[in-house]
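Let's take a friendly walk through a protein model, one residue at a time. Keep the sequence and the 3D view open as you read.

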Amino acid sequence: MMSFPTSRNKPRALAALGTLAAVLACGVAVSPSASAAGVYPTCNTTKAVSITSGHSVTVPAYGSAKTLTCKLVLNQATENPAVKALQRSLKTCEGYSYLGIDGFYGLQTFLAVEALQDSYGLSQDGIYGPDTRDSMKHYSSTLGCARL
């Protein structure tokens with residue numbers, strides 16, 4: 001017989017989800033990253049990177065020079081166009097169809113990046129940085145999806 005969640009299980013499920021979020025947030029805040037993502041600036045814009053003649057992908061970038069060597073970390077307080085680009089690529093190109101595209105690097109985005117890192121054999125820190133950028137497919141309005 002199949003068991004369905006009941007209203008008396010909701011408090012336990014919510015408590016477990018809250019605990020998981022707290023553990024993940026603390027882990028991101030205090031754990032050193034194997035990818036040394038801490039040395040990179042936070043991505044705050046996007047850059048169109050040419051893949052083939054007339055085709056480009058949109059990638060998170062930093063500053064007016066649109067440097068690609070930047071990071072994105074768990075941060076639910078600030079909307080960021082670089083996060084929107086990452087979310088669109090994760091959703092459209094990497095198969096994380098449940099992911100919303102809201103520009104906030106929340107728990108869903110963190111977990112999607114962590115799962116993506118696992119699938120590509122990277123260190124699973126949930127931080128979008130150069131290794132993750134170079135491994136994943138990015139969204140293109142003309143090509144669909146492509147790697148850098």
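Start at Pro60, which touches Cys43, Thr45, Thr46, Leu68, Cys70, Leu72, Ala82, Ala85, Leu86 and Tyr128, leaving out residues up to four places away in sequence. Contact here means heavy atoms within 4.5 Å. Before going further, note that this is a predicted model, in which local features need pLDDT of at least 70, side-chain atom pairs count only at pLDDT 80 or more, and totals for chains, interfaces and linings use all residues. Residues are numbered from 1 along each chain as its sequence is written, and side-chain values use heavy atoms, with hydrogens and water left out.

Where does Pro60 lie? Its place is in strand E2. Helices (H or I, at least four residues) and strands (E, at least two) are DSSP runs, numbered from the N terminus. Pro60 has a relative accessibility of 1%, so it counts as buried. Buried means under 20% relative accessible area, exposed means over 50%, and partly exposed is in between, with a 1.4 Å probe and protein chains only. Pro60 and Val83 are 23 residues apart in sequence, yet their C-alpha atoms are 7.1 Å apart in space.

Val83 brings us to helix H2. This helix has twelve residues and reaches 16 Å from its first C-alpha to its last, close to the 16 Å expected at 1.5 Å a residue. The expected span is 1.5 Å times one less than the number of residues in the helix. Which residues of H2 are buried? They are Ala82, Val83, Ala85, Leu86, Gln87, Ser89 and Leu90. The buried residues of H2 pack against E1, E2, H3 and strand E3 (138-140). Take Leu90 as a case: it touches Gly95, Tyr96, Leu99, Thr109, Ala112, Val113, Leu116 and Met136, again not counting residues up to four places away in sequence.

Next, look for the disulfides. How many are there? The count comes to two, where a disulfide is a pair of cysteine sulfur atoms within 2.5 Å. One joins Cys43 and Cys70, with their sulfur atoms 2.1 Å apart. Cys43 sits in the loop between helix H1 (10-30) and strand E1 (45-52), while Cys70 sits in the loop between E2 and H2, so this pair links distant parts of the chain, 27 residues apart. Cys43 is buried, at a relative accessible area of 0%, and Cys70 is buried with 0% too. The link has 100° about its S-S bond and is right-handed.

Cys93 and Cys145 form a disulfide as well, with sulfur atoms 2.0 Å apart. Because Cys93 lies in the loop between H2 and H3 and Cys145 in strand E4 (residues 144-146), the pair ties together parts that are 52 residues apart in sequence. The torsion about the S-S bond of Cys93 and Cys145 is about -85°, so this disulfide is left-handed. Cys93 is buried at 9% relative accessibility, whereas Cys145 is partly exposed at 30%. With bonded cysteines counted along the chain, the pattern is 1-2, 3-4.

Charged residues come last. Side chains of opposite charge can pair when their charged atoms come close. The structure holds two salt bridges, each being a side-chain nitrogen of Lys or Arg within 4 Å of a carboxyl oxygen of Asp or Glu. Lys84 pairs with Glu79, their closest N and O atoms 3.3 Å apart. Lys84 is partly exposed, at 32%, and Glu79 is partly exposed, at 46%. Arg133 pairs with Asp134 at 2.9 Å between the closest N and O atoms; here Arg133 is buried at 9%, but Asp134 is partly exposed at 42%.

Finally, find Glu114 in helix H3. Glu114 is buried yet has no salt bridge, and the nearest side chain of opposite charge, Lys71, is 16 Å away. For such charges, Lys and Arg count as positive and Asp and Glu as negative, while His and the chain ends are not counted. Glu114 touches Gln124 and Gly126, not counting residues up to four places away in sequence.
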